[in-house]
Amino acid sequence: MAEFKQLDIYWVDLEPTKGAETKKLRPCVIVQGDIVNIESKTLVVAPMLPNHKSWPFAVNLTPTSNNGLDKDRHINLKQLRAVDISRISKRQGRLENQYLQSIKQALAIVFDL
């Protein structure tokens, strides 16, 4: 089993979906903490979608060699998904630590914490 870490970016098969759920094979960031990732068969991930957004639950990302993104994207933190690790495919990269606080702030908005 791969060692999954918070802020790692993997391609995740999000199909099948229903309604307004984020679809397709997409890069997703692992948002659950590392202690939960140990030998876990599921991961909580958030999809990365094209372009920057001004939504309070989105975190805008810029491509770097570390994160491996191909273009400007945003993490949509209101579209969190718990996925079985069988949906996980290629590792894309790792999100820089500078984004962690923004992710936490967006999650606080989503969950009204």
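You're looking at a predicted model, where local features need pLDDT of at least 70, side-chain atom pairs count only at pLDDT 80 or more, and totals for chains, interfaces and linings use all residues. Residues are numbered from 1 along each chain as its sequence is written, and side-chain values use heavy atoms, with hydrogens and water left out.

- I35, V36 and I38 make a nonpolar surface patch of about 340 Å².
- Such patches are made of residues with over 30% relative accessible area and no salt bridge, with nonpolar side chains (Val, Leu, Ile, Met, Phe, Trp, Tyr) joined within 5 Å and like charges within 9 Å.
- V36 sits in helix α1, residues 34-37; helices are DSSP runs of H or I, at least four residues, and strands are runs of E, at least two, numbered from the N terminus.
- V36 counts as partly exposed because its relative accessibility is 46% (buried is under 20%, exposed over 50%, partly exposed in between, with a 1.4 Å probe and protein chains only).

**Along the backbone**
- The peptide bond from E15 to P16 is cis, with omega near 0°.
- P16 lies in the loop between β1 (8-13) and β2 (25-30).
- L7 isn't a glycine, yet it has a positive phi of about 80°.
- You'll find L7 in the segment before β1, and it is buried, with a relative accessible area of 3%.
- N51, also not a glycine, has a positive phi near 75°.
- The loop between β3 (42-50) and β4 (58-61) is where N51 is found.

Methods
Accessible areas come from the Shrake-Rupley method with a 1.4 Å probe; for residues, only the protein chains shown count as cover. A salt bridge is a side-chain nitrogen of Lys or Arg within 4 Å of a carboxyl oxygen of Asp or Glu.
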